[in-house]
Amino acid sequence: MSSVLRAELFAIWRGLLLAWECGFKDVIRETDCLDAFLATRMMDPSKCDANRDLLSKIFEVIYWKWNAEIILIQRTANRVADMLARQAVTDQMTYTEWFLPPNPVLSVIQDDMHPGVSRC
């Protein structure tokens, strides 16, 4: 069964694994999906049967020897993720990992890092 919640939980889990594999030991993983955020706060995967497997994997990774936190952000603060998700739908991608941001999102990232600075 596929759902938006399952996709968000999968992205949280893979994002945490990727951060670990890259050697980061102090990570804040952001999500704009309230249901995913609440599911990861539940700390009891048995209450979410359809996604118990992913929640168990997320909880396992969070408890490794590092500082990993999942926080909820506003959807408007997540422009890069929104742009990548729209592109994935347009290109009919099933699964992709980028180790560097693709060119189309670089300007969005720069805008987010320096709000209010006009670009030509």
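In the predicted model, the buried residues of helix 3 are Leu 54, Leu 55, Ile 58, Phe 59, Val 61 and Ile 62. Around the helix axis they cover an arc of only 165 degrees, so they sit on the same side of helix 3. The cover over these residues includes helix 1, helix 2 and strand 2. Helix 3 itself spans residues 52–62.

Helix 2, residues 34–42, was examined in the same way. Its buried residues are Ala 36, Phe 37, Ala 39 and Thr 40. Viewed down the axis of helix 2, these fall within an arc of 160 degrees and therefore line one face of the helix.

The loop between strand 1 and helix 2 contains Asp 32. This residue counts as buried because its relative accessibility is 16%, under the 20% cut-off. Residues up to four places away in sequence are left out of its contact list. Beyond them, Asp 32 touches Glu 8, Leu 72, Ile 73, Gln 74, Arg 75 and Asn 78.

Glu 69 lies in strand 2. Its relative accessible area is 39%, so Glu 69 is partly exposed. Neighbours within four places in sequence aside, Glu 69 is in contact with Val 27, Ile 28 and Arg 29. Glu 69 was also compared with Glu 30. The two are 39 residues apart in sequence, and their C-alpha atoms are 8.4 Å apart in space.

Charged pairs were considered next. Side chains of opposite charge can pair when their charged atoms come close. A search of the whole structure finds 2 salt bridges. One joins the side chains of Arg 6 and Asp 53, with an N to O distance of 2.8 Å. This pair links distant parts of the chain: Arg 6 belongs to helix 1 and Asp 53 to helix 3, 47 residues apart. Both partners are partly exposed. Arg 6 has a relative accessible area of 22%, and Asp 53 has a relative accessibility of 39%.

A salt bridge also joins the side chains of Asp 49 and Arg 52, at 2.4 Å from N to O. Asp 49 is exposed, because its relative accessible area is 52% and the cut-off is over 50%. Arg 52 counts as partly exposed, at 38% relative accessibility.

Accessibility was computed for both partners. Trp 20 is partly exposed, with a relative accessible area of 28%. Trp 66 is buried, with a relative accessible area of 9%. Ring pairs link Trp 20, Trp 64 and Trp 66 into a cluster.

Trp 13 was examined for charges over its ring. The charged end of Lys 57 sits over this ring, 4.7 Å from the centre. The charged end of Arg 14 also sits over the ring of Trp 13, at 6.0 Å from the centre.

The cysteines complete the survey. A disulfide is a covalent bond between the sulfur atoms of two cysteines. The count here comes to 0 disulfides. Cys 22 is partly exposed, with a relative accessible area of 44%. Cys 33 counts as buried, at 10% relative accessibility.

Methods:
Residues are numbered from 1 along each chain as its sequence is written. This is a predicted model: local features need pLDDT of at least 70, side-chain atom pairs count only at pLDDT 80 or more; totals for chains, interfaces and linings use all residues. Side-chain values use heavy atoms; hydrogens and water are left out. Buried means under 20% relative accessible area, exposed over 50%, partly exposed in between (1.4 Å probe, protein chains only). Helices (H or I, at least four residues) and strands (E, at least two) are DSSP runs, numbered from the N terminus. The arc is that of the directions from the helix axis to the C-beta atoms. Contact means heavy atoms within 4.5 Å. A salt bridge is a side-chain nitrogen of Lys or Arg within 4 Å of a carboxyl oxygen of Asp or Glu. A disulfide is a pair of cysteine sulfur atoms within 2.5 Å. Rings of Phe, Tyr and Trp (its six-membered ring) pair if their centres lie within 6.5 Å; planes under 30 degrees apart count as stacked, over 60 as edge-to-face and the rest as tilted. A charge sits over a ring if NZ of Lys or CZ of Arg is within 6 Å of the ring centre and within 35 degrees of the ring normal.
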